[in-house]
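I opened a new notebook page for this structure. My plan is to look things up one by one and write down what I find.

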Amino acid sequence: MMFRGKEAFKIAYRSACIDFAGKSLEECSDYERYEVLVQLVKNHASQARTETRERDRTKKDRQIYYFSMEFLIGRLLSNYLLNMGVQDIVREALADLGLDLDRLCSVERDPGLGNGGLGRLAACFLDSMAFLGVPGTGMGIRYRFGLFQQKIVDGYQQEAPDTWLDMGYPWENARPDRAVVVKFGGYVDREYRGGKIAYRYKGYQEVLAMRYDVPVVGYGLKTVNQLRLWYAQPKEENFDLAAFNRGDYAAAMKHRNEIEAITSILYPDDSTYAGKKLRLQQEYLLVAAGIGDILRRYKEQYGTDRWAEFPDKVAIHINDTHPALCAPELMRLLMDEEGLEWDDAWAITSKTIAYTNHTVLPEALEKWPIDMLQSILPRVYMIIEEIDRRYRESLPPTASPEQRQNTAILWDGQAKMANLSVITSYSVNGVAGLHTEILKATTLKDFHDLMPEKFNNKTNGVSHRRFLMESNPGLTELITDAIGEGWKSYPDQLEKLLKLKDDAAFLQRLSQVKRANKARLAGYIQEHNGIRVDPDSVFDIQVKRIHAYKRQLLFAFKVMDTYNALKADPNLDIRPHTFIFAGKAAGSYYFAKEVIKLINSIAEVVNNDPDINDKIKVVFVENFCVSTAQLIYPAAEISEQISTAGKEASGTGNMKFMFNGAITLGTMDGANVEIHSLVGDENIRIFGMREEEVQALRASGTYHAASLVEADPRLKRITDQLVNGFFRAAGCDFWGIRDSLLTYNDEYFVLQDFEDYVRTWREMNALYSDQAAWNRISLHNIAKAGFFSSDRTIAEYARDIWHVRCDER
């Protein structure tokens, strides 16, 4: 244990204030007190990290390197105190000192290292790898300004820099001694050396990838792994003093600014050539720095004559296609720096890299213009070209022309990163049962037909320690009192709760916990949105990235339909509802930003109409992040998972809501399919077309959205309200949304699923009147949620893909 008791902690904390802040506890600001507490935790984590590293060196197990453009890790202080088992001691000790732990934790900024589900999944995986003792390192980028900070101004999303590093980041350790040089541009010369062709890379620009390490503290403190972040800096300062002295300060700093831009922003807008170039440089910097670091560590431990053993000692996992260049970069280093022949380098690479796909949308699979790739990364491009040539030659004579075209890496002026990833990986996995089947049947069908042995499914999971134990202490205490502590390490033990489904006293306590969480969120909304919401209303929530296929528009139309019904009949029998939205739209995604404006315009109308008498309220929570998520998930009663069937890879918000007892209202899409299988028809509410029905309707060409609207007075009214001045107070109409539905024929079938969606929701509204029945369903969802722990997912990755053992728990 980190401290033997609260008295020992108080002595250590007071002393640390002097050591780290140079002043007494009483003189320190809240931020300084937070920083001091971080240093105490980090020092103890460093001791555990040393023990972990020594254990790994002794065992010489395979090291897992998880490459991801995003790691949405959230605030760490509260989470690590929980994982170290000292949260209660620290809370009580700080209270004795007149301090509040929650207040100090709230000082911490959410790191701007991710955006949505991809990044949060990566963070949950790191948490579970550390808990399970899997020797793993996350490889990511230290973004200076994150994605962006979302501000809602007059109902519109505005993007501002996320200045999360302004006060520094006390969790990180800078390692300038372990920086890696990354090369861009230049050209490649060929020459004969020792009787064979050798390649000399010349004329390149050198960029220094600075390394920053963040500890990943596993629950129980048996293992501390690392998240390794890379930050672009000039290798040599090229400050133009002459330009500075003549007053051209921008020119004087041009070299540094251009290099630092590489890691300034997550997902720079790639609608221009300059934006595409920056994204490619960003992805390659992550890859080159990470692979260079891995090879350096391998040589330090095993020397330079044991390359054949490399796949037994190292697994490189790429989280989607952003790190797809790992394979050609590993090939480049093995051949050009270590002197291996192609066949040997390929044998190593193809046994080392595994790939997780996260999208079934062909248009979302990354591609790079060949001329750009060749210009920015000339040697890497040559290797990709050779991989592509050899792959095509290896295809069986029976391969069809379509298979050859669809699986080629280089085609029609584009380099296809998903194809590169499949060809160079020994494992390709989807992230939910339906998603994997769609990959095999459509998106990657030709690959699956040619190499089915590579494909497997690993349904996503989430950290129940973050999203239940830390986020919902009231529910955690209730569960532990009922079934003991075991579920915290073995979440499948949550099934023991099923024995309490008819325990009226327990169900009442469950309802009280939910009411307290709703009151907590209501307070946050009052403070940040200025909207008073009733904690006794039904909290109906959709929080996720704003995208057409996720259908926030369908949720918004339900709200409009409910409002119209209440205006027509103020005495309509409906329980008070609070409809809560949250999520960011990509800065260049204008349709999604128009949807945000629509939601906020609906809120303006609904929340200020006295005829509605507070029966419904609408809230858009600004700047959705891990911290706000941890307030929202515990308060939810209805979990909106309403994407068009066949479009969502998995979703993980559905799992976080489920752990906290929300009831899913959703389509048969992504992991909703597995939730349905686990809880049964009676404990979930499913609506809308199934994936095969969506495909059939799309293929038939018989869907006419405009005709559907003309035949349905409710839909006609809603779509007319978009443009007839109904939102006059908002200062705009919503022609873009209306055109997407009626002119461009409703690509994601919002109108087709509308009636069934609203009907199913109304059934839930009626069910809510029977609180005992509602609470039983809520309890059933919590009891079955253990399957969706990322511990289960990582155990499957370890067993089936990485071939490493997990610690006994």
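**Entry 1: the parallel sheet**

Before counting anything, I note the rule I use: two strands pair if DSSP finds at least two bridges between them. I also note that this is a predicted model.

I started with strand 18, residues 577–582. Six bridges join strand 18 to strand 19, and the two run parallel.

Six strands form it, in the order 19-18-17-20-21-22. The sheet is open, and its pairing is parallel. Which strands stand at the edges? I found strand 19 (616–621) and strand 22 (685–686) there. Each has a single partner strand, so one side of each is left without a neighbour in the sheet.

Next I checked what packs on this sheet. Helix 32, residues 750–768, touches strand 17, strand 18, strand 20 (638–641), strand 21 (663–666) and strand 22. The direction of helix 32 makes about 160° with that of strand 21. Helix 33 also packs on the sheet, touching strand 20, strand 21 and strand 22. For helix 33, the angle with strand 21 is about 90°.

**Entry 2: a residue in helix 33**

I stayed with helix 33, residues 771–784, and looked up His780 in it. Is His780 buried or exposed? The relative accessible area of His780 is 17%, and the cut-off for buried is under 20%, so His780 counts as buried. I listed its contacts, leaving aside neighbours within four places in sequence: Leu498, Leu678, Val679 and Asn683.

Asp536 sits in the loop between helix 22 (504–529) and strand 17 (538–543). Asp536 is partly exposed, at 44% relative accessible area. Which residues does Asp536 touch, not counting those up to four places away in sequence? I wrote down Arg515, Lys518 and Arg575. I also took a distance to Ala519, which is 17 residues from Asp536 in sequence. The two C-alpha atoms are 8.5 Å apart in space.

I followed strand 5 to its partner. Eight bridges join strand 5 to strand 8, residues 205–217, and the two run antiparallel. Val182 stands opposite Val207 in strand 8.

Then I turned to strand 2, residues 136–141. How many residues of strand 2 are buried? Six of the six are, so strand 2 is largely enclosed by the rest of the structure. Both faces are covered. Gly136, Gly138 and Gly140 are on one side, and Thr137, Met139 and Ile141 are on the other.

I checked the links of strand 2 as well. Four bridges join strand 1 to strand 2, in parallel. Gly138 in strand 2 is the bridge partner of Tyr66. Five bridges join strand 2 to strand 9 (residues 224–234), also in parallel. Ile141 stands opposite Trp230 in strand 9.

**Entry 3: a buried threonine**

Thr349 is in helix 13, residues 342–349. Its relative accessibility is 0%, so Thr349 counts as buried. Beyond its neighbours within four places in sequence, Thr349 is in contact with Ala327, Leu330, Met331, Leu334 and Thr424.

**Entry 4: a surface patch**

Last, I looked for nonpolar surface. Phe239, Leu241, Phe244, Tyr249 and Met253 form a nonpolar patch, with about 470 Å² of accessible area together. Phe244 belongs to helix 7, residues 241–245. Phe244 is partly exposed, at 37% relative accessibility. Met253 is in the loop between helix 8 (249–252) and helix 9 (254–260). Met253 is also partly exposed, at 31%. I took one distance from Met253, to Asp343, 90 residues apart along the chain. Their C-alpha atoms are separated by 45 Å.

How values were computed
Residues are numbered from 1 along each chain as its sequence is written. This is a predicted model: local features need pLDDT of at least 70, side-chain atom pairs count only at pLDDT 80 or more; totals for chains, interfaces and linings use all residues. Side-chain values use heavy atoms; hydrogens and water are left out. Buried means under 20% relative accessible area, exposed over 50%, partly exposed in between (1.4 Å probe, protein chains only). Contact means heavy atoms within 4.5 Å. Patches are made of residues with over 30% relative accessible area and no salt bridge: like charges are joined within 9 Å, nonpolar side chains (Val, Leu, Ile, Met, Phe, Trp, Tyr) within 5 Å. Accessible areas come from the Shrake-Rupley method with a 1.4 Å probe; for residues, only the protein chains shown count as cover. A salt bridge is a side-chain nitrogen of Lys or Arg within 4 Å of a carboxyl oxygen of Asp or Glu. Axes are lines fitted to C-alpha atoms, for helices over the stretch in contact, and angles run from 0 to 180 degrees between N-to-C directions.
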